Amino acid sequence: MDILFCAYARGSAGDGVTKKVSAQALALELLGHRVAYFSVQDAVLYLVVGREKTRLLDVKEGMFGEYLAIENGLRMVAEQELFPARLCYIRRIFCTPWHLAALRAWKQKGAVCVEELPTYPYDAEIKTNKSLAFQAVAWLERRCRGQYKKYLDYFVTTSEDTEIFGVPAIHIENGVDLAAVPYAEHSFVKKDAIRLIAVSTMAPWHGYERLIEGLAAYEAGAPEVQIYIDIVGDGACRAQWEKLAKKRKVNDRVVFHGRQSGPALDALFAGADIAVSTLGLYKIGLSHASELKSREYMARGIPFVYMGRSSMFSPEDGFCMQLPDGPQAVNMAGIVTFYQELTAQKNVSRRLRWFAEKYFRWEIWMDKVVKAAMPDGK
């Protein structure tokens with residue numbers, strides 16, 4: 001089947017969102033579909049199909065310049081019949097008149113249009129960006145999204161909703177590209193110091209203040225087992241969390257490494273005992289956990305702690321620990337207990353990798369979308 005995969009992922013090649021959309025497109029190809037996608041190179045938007053690329057239009061500077069280019073490119077491909085897509089898979093950008101025009105163009109060509117909502121509900125997340133330009137577009141989006149049902153066949157969501165804005169929803173879980181994530185065996189033996197690792201783009205909803213406050217409270221009790229935390233990545237909250245670690249006098253135990261990738265990142269994972277997933281979902285009104293990082297941690301073979309509910313895994317599986325929702329500090333003594341429980345288990349890393357292979361390969365979830373959206377397979 002011919003599928004147009006449209007995703008606006010503004011970031012470096014190694015960040016989570018960029019890796020996700022690349023893995024989704026690759027999964028569709030591995031399932032045997034012919035996939036076209038957009039690429040921005042040297043301020044030019046291209047349509048890429050296999051080894052061929054077609055120049056579409058120039059891209060103006062800035063986030064909204066890229067956004068408009070992709071929306072106009074999406075409409076152009078339909079109107080000029082540059083690719084005969086039967087299915088359009090779109091990662092949600094904003095619902096604006098330009099977006100609705102693009103959806104309308106594809107519906108007129110008879111294509112099935114599905115749109116992934118990376119976060120839903122998403123209004124609380126949008127409010128965390130205080131830019132006036134961003135909020136103006138968000139205001140426009142709220143006034144346009146009631147028209148989704150005219151042009152969109154399905155939403156794709158990790159939430160448990162079955163209908164969104166009057167459009168039926170297909171549930172998926174976030175997956176992982178196993179071929180791109182190195183696996184390593186971790187040994188779990190009793191010791192007097194354990195290391196946590198947290199990797200993110202350091203947005204407010206990652207909630208690492210809970211870790212820092214928890215560590216400060218734990219250290220005040222003169223514990224026998226020491227805890228160290230490696231925080232990897234960069235973003236809006238880094239300076240705030242560095243300042244907090246210093247204020248709480250745990251900056252000798254909390255190391256901020258900045259962005260890392262390749263062997264440098266692998267080495268940090270190799271030295272870690274437990275990974276930390278997102279801890280601040282409550283800030284954006286979410287309680288269902290489907291974070292990308294927990295899947296990557298599984299694929300790497302490292303146990304992890306997380307907050308929120310998951311329909312796919314639970315503490316009973318033995319390789320993860322669920323933390324309470326809310327702003328309260330993390331109970332570090334509980335994490336030490338979790339680690340000690342791991343020392344009594346066998347093949348922890350292998351079980352984690354097996355779990356990721358069985359339940360979180362992107363091919364599983366993208367195949368579900370295609371079959372739900374195109375049940376006749378045509």
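This report walks through the strands, cores and a few single residues of the structure above.

A few ground rules first. The model is predicted, so to speak of local features a pLDDT of at least 70 is needed, side-chain atom pairs count only at pLDDT 80 or more, and totals for chains, interfaces and linings use all residues. Residues are numbered from 1 along each chain as its sequence is written, and side-chain values use heavy atoms, with hydrogens and water left out.

## The nine-stranded sheet

Let's start with a sheet. Nine strands make an open, mixed sheet, and their order is S4-S3-S2-S1-S5-S6-S7-S9-S8. Strands here are DSSP runs (E, at least two residues), helices are runs of H or I with at least four, and both are numbered from the N terminus. Two strands pair if DSSP finds at least two bridges between them. Strand S4 (52-58) and S8 sit at the edges with a single partner strand each, so one side of each has no neighbour in the sheet.

Five of its five residues are buried, so S1 is largely enclosed by the rest of the structure. Buried means under 20% relative accessible area, exposed means over 50%, and partly exposed is in between (1.4 Å probe, protein chains only). Both faces of S1 are covered, with Asp2, Leu4 and Cys6 on one side and Ile3 and Phe5 on the other.

| S1 and S2 (residues 34-41) | four | Ile3 and Val35 |

## Around strand S14

Strand S14 (residues 304-307) is covered on both faces: Phe304 and Tyr306 are buried on one side, Val305 and Met307 on the other. Together with S13 and helix H10 (residues 292-300), S14 makes a right-handed β-α-β unit. Right-handed means that, with the strands pointing away from the viewer, the path from the first strand over the helix to the second runs clockwise.

Phe304 turns up again in the largest nonpolar core. That core has 84 residues, and Leu211, Phe304 and Met332 have the most contacts inside it. There is also a second, separate core of 47 residues, which includes Ile90, Phe94, Tyr120 and Tyr122. A nonpolar core is a set of buried Ala, Val, Leu, Ile, Met, Phe, Trp, Tyr and Cys residues joined through side-chain atoms within 4.5 Å.

What does Leu211 touch? Leaving aside neighbours within four places in sequence, Leu211 is in contact (heavy atoms within 4.5 Å) with Leu196, Ala198, Ile229, Val276, Leu279, Val330 and Met332.

Met332 belongs to helix H11 (residues 332-342), where the buried residues are Met332, Gly334, Ile335, Val336, Phe338, Tyr339 and Leu342. At the start of H11, a side-chain oxygen of Asn331 comes to within 3.1 Å of the backbone nitrogen of Ala333.

## Two residues worth a look

Ser349 is in helix H12 (residues 348-359). Ser349 counts as buried, at 1% relative accessibility. A polar atom of its side chain lies 2.7 Å from the backbone oxygen of Gly301. Not counting residues up to four places away in sequence, Ser349 touches Tyr183, Ala184, Glu185, His186, Phe188 and Gly301.

Thr158 is in the loop between strand S7 (154-157) and strand S8 (163-164). Its relative accessible area is 13%, so Thr158 is buried. Beyond its neighbours within four places in sequence, Thr158 is in contact with Pro118, His171, Ile172, Glu173, Asn174, His288 and Ser290. Thr158 and Arg361 are 203 residues apart in sequence and 15 Å apart in space, C-alpha to C-alpha.

## What about disulfides?

A search of the whole structure turns up zero disulfides (pairs of cysteine sulfur atoms within 2.5 Å).

Technical notes:
A polar contact is a pair of N or O atoms within 3.5 Å; within protein, one must be able to donate a hydrogen and the other to accept it, and residues adjacent in sequence count only if both atoms are side-chain atoms.
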